Amino acid sequence: MKSLNDYVAVYKEQLQKGEILIAYNELVKFVMRLRTDFMKNLSDQYTFAGILHGYMDYTYFYYSNAFLKSKKLKFGLVLNHLEMRFEVWLLGNTLPIQKKYWELLKSTKWHKDTEEMPKYSIIEAVLVVHPDFNDLNTLAKQIETKMIRVSEEIVACLRNDLEVKKKI
């Protein structure tokens with residue numbers, strides 16, 4: 001088994017090559033650009049929070065609206081570095097909220113191949129599987145279009161399921 005010093009030596013070696021630093025910084029800049037563009041284009045639909053960095057695994061920002069806030073929910077636009085794809089996550093403000101909505105939504109199309117609740121979210125919907133980072137303008141439009149569509153579908157599903165539950 002490797003020691004932490006062994007892993008740190010490999011990490012340092014890779015960083016010194018410079019390519020990982022460049023790629024990571026450019027990816028984060030792109031997510032920052034998306035957030036800025038969405039704040040300009042979608043401020044009538046959503047409010048946006050700041051950029052958050054995972055442990056080199058996720059870069060994301062939260063966005064929400066009055067309906068989601070009233071249910072203690074929010075969305076995250078996520079760059080999944082491990083899979084190198086963009087996703088929308090539905091999240092609860094607390095783990096009990098996430099578990100409650102997981103139970104409500106676990107039979108929806110977003111969980112057709114899922115038996116267990118995701119580690120960090122209620123829903124993880126993939127937007128772009130193979131992003132083309134050589135054409136950032138087209139990629140940004142693609143992400144925005146799909147993000148809006150998926151977000152609206154999830155909110156509609158939440159509204160519908162909540163209405164059904166009220167009548168029972």
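Helices here are DSSP runs of H or I with at least four residues, strands are runs of E with at least two, and both are numbered from the N terminus. The model is predicted, so local features need pLDDT of at least 70 and side-chain atom pairs count only at pLDDT 80 or more, while totals for chains, interfaces and linings use all residues. Residues are numbered from 1 along each chain as its sequence is written, and side-chain values use heavy atoms, with hydrogens and water left out.

I will start with the charged pairs. A salt bridge is a side-chain nitrogen of Lys or Arg within 4 Å of a carboxyl oxygen of Asp or Glu. The structure has six of them. One joins Lys29 to Glu26, at 3.1 Å from N to O. These two lie three residues apart in helix H2, so about one helical turn separates them. Lys29 is partly exposed, at 49% relative accessible area, and Glu26 is partly exposed too, at 43%. For reference, buried means under 20% relative accessible area, exposed means over 50%, and partly exposed is in between, with a 1.4 Å probe and protein chains only.

In helix H5, Glu153 and Arg149 are four residues apart, again about one helical turn. Their side chains meet in a salt bridge of 3.5 Å, N to O. Glu153 has a relative accessible area of 26%, which is partly exposed. Salt bridges with shared partners connect Lys109, Arg149 and Glu153 into one network.

Next, the core. Which residues touch the most other members of the largest nonpolar core? They are Leu77, Phe86, Leu90, Ile143 and Leu158, out of 39 residues. Such a core is a set of buried Ala, Val, Leu, Ile, Met, Phe, Trp, Tyr and Cys residues joined through side-chain atoms within 4.5 Å. Helix H5 (136-167) gives the most to this core, with 10 residues.

Last, the rings. Rings of Phe, Tyr and Trp (its six-membered ring) pair if their centres lie within 6.5 Å; planes under 30 degrees apart are stacked, over 60 edge-to-face, and the rest tilted. The whole structure contains 15 aromatic pairs. In one of them, Tyr46 and Phe48 are edge-to-face, 6.5 Å centre to centre with 70° between the planes. Both Tyr46 and Phe48 are buried. They belong to a cluster linked by ring pairs, which also includes Phe38, Phe61, Tyr63 and Phe75.

Two rings have a charge over them, meaning NZ of Lys or CZ of Arg within 6 Å of the ring centre and within 35 degrees of the ring normal. Lys74 sits over Tyr62 at 4.1 Å from the ring centre, and Arg159 over Phe67 at 4.0 Å.
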